[in-house]
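Open the model in your viewer and keep the selection tool at hand. This tour goes from one selection to the next.

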Amino acid sequence: MRHETETPATLDLFADDQPQLTGTERIGPQSVILRGFALPLSESLLPALRTVVRQAPFRHLVTPGGFTMSAAMTCCGSVGWTSSRQGYRYSPQDPHTGSPWPQIPEELVTLAQAAAEVGGFPGFVPDACLINRYVPGAKMSLHQDKDETDHRWPVVSISLGIAAIFEFGGFERSDRPQRLSLFHGDVVVWGGVDRLRFHGVQPIRQASHPLLGEQRINLTLRKAL
Ligand code: MD3
Ligand code: FE
């Protein structure tokens, strides 16, 4: 029998930085974290991501209110999410290049479909993938994702690189959020009644990941149209 007192305090100090490698954690009535679900794919995911980013480079969007987002962003899919002084919208062209967004890598679609099915959303066919890149200090303030047409479909998110503390709130900005650590390879399915909950990312702490260096990449697969 193990006792709590047997855990050395020196290990405990850094418990937050230790990824939970596998397993399913329910974090809301219709949201689950699939720990390490993307790990078997990380070999093929990173080259696929590089191909996307060559065609549609990361950029810092400016909110309609005139603030520059600290996370850099790009997209792939038949539409991509963009922001300007005019507002937020999904658009078939990348305003930065004037060209259509690159296709969503096939293995990413397959992974998102499999995760959605585990999360209770069979038949999910994403048409947009938002890609956020955080360097230490970058964050995302509490917000709702409301620009998609049909909120009955979930959002599937994939975390890569250094860890993040994710804030999962309620239906009002003022609802106190629960805090969850997300690690390299974690996949989260957010759907149903949880789909319009406020959420955000706390400023990323300085760290280095063996594959990605000093950055966190988050992919969100959505059905926008
Ligand atoms: C919960 N991205 O791109 S992903 C975003 O880590 C965004 O880059 C964060 O929020 C990131 O919009 C969080 C997790 C996420 C995405 C969409 C959600 C959680 C969600 C929609 C509804 C509820
Ligand atoms: Fe969001």
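Start with the iron ion (ligand 2): its coordinating atoms are His143 (NE2), Asp145 (OD), Asp145 (OD) and His199 (NE2), at 2.0 to 2.8 Å. Keep in mind that this is a predicted model.

Stay on the metal and look at the angles. What do the 6 donor atoms around the iron ion (ligand 2) subtend? The angles run from 50 to 177°, which makes the arrangement irregular. For reference, ideal angles for six octahedral donors are 90 or 180 degrees.

Now trace the donors of the iron ion (ligand 2) along the chain. Their spacing reads H-x1-D-x53-H. Select aspartate 145, in the loop between strand E7 (140-143) and strand E8 (155-161), then histidine 199, in strand E12 (residues 199-201). The pair therefore ties together parts that are 54 residues apart in sequence.

Next, the cysteines. How many disulfides does the structure hold? The number is 0. Select cysteine 76: its nearest cysteine sulfur belongs to cysteine 129, 4.1 Å away, and cysteine 76 is in no disulfide. Cysteine 76 is buried, at a relative accessible area of 1%.

Finish on cysteine 129. Cysteine 129 is likewise in no disulfide. Its relative accessibility is 0%, so cysteine 129 counts as buried.

Conventions. Residues are numbered from 1 along each chain as its sequence is written. Chains are lettered from A and ligands numbered from 1 in the order in which they are written. This is a predicted model: local features need pLDDT of at least 70, side-chain atom pairs count only at pLDDT 80 or more; totals for chains, interfaces and linings use all residues. Side-chain values use heavy atoms; hydrogens and water are left out. Donors are N, O and S atoms within 2.8 Å of the metal (3.2 Å for Na, K and Ca); water is not among the atoms, so sites may look incomplete. Four donors count as tetrahedral if all angles lie between 85 and 135 degrees; four count as square planar and six as octahedral if opposite donors are over 155 degrees apart and all others between 65 and 115; anything else is irregular. Helices (H or I, at least four residues) and strands (E, at least two) are DSSP runs, numbered from the N terminus. A disulfide is a pair of cysteine sulfur atoms within 2.5 Å. Buried means under 20% relative accessible area, exposed over 50%, partly exposed in between (1.4 Å probe, protein chains only).
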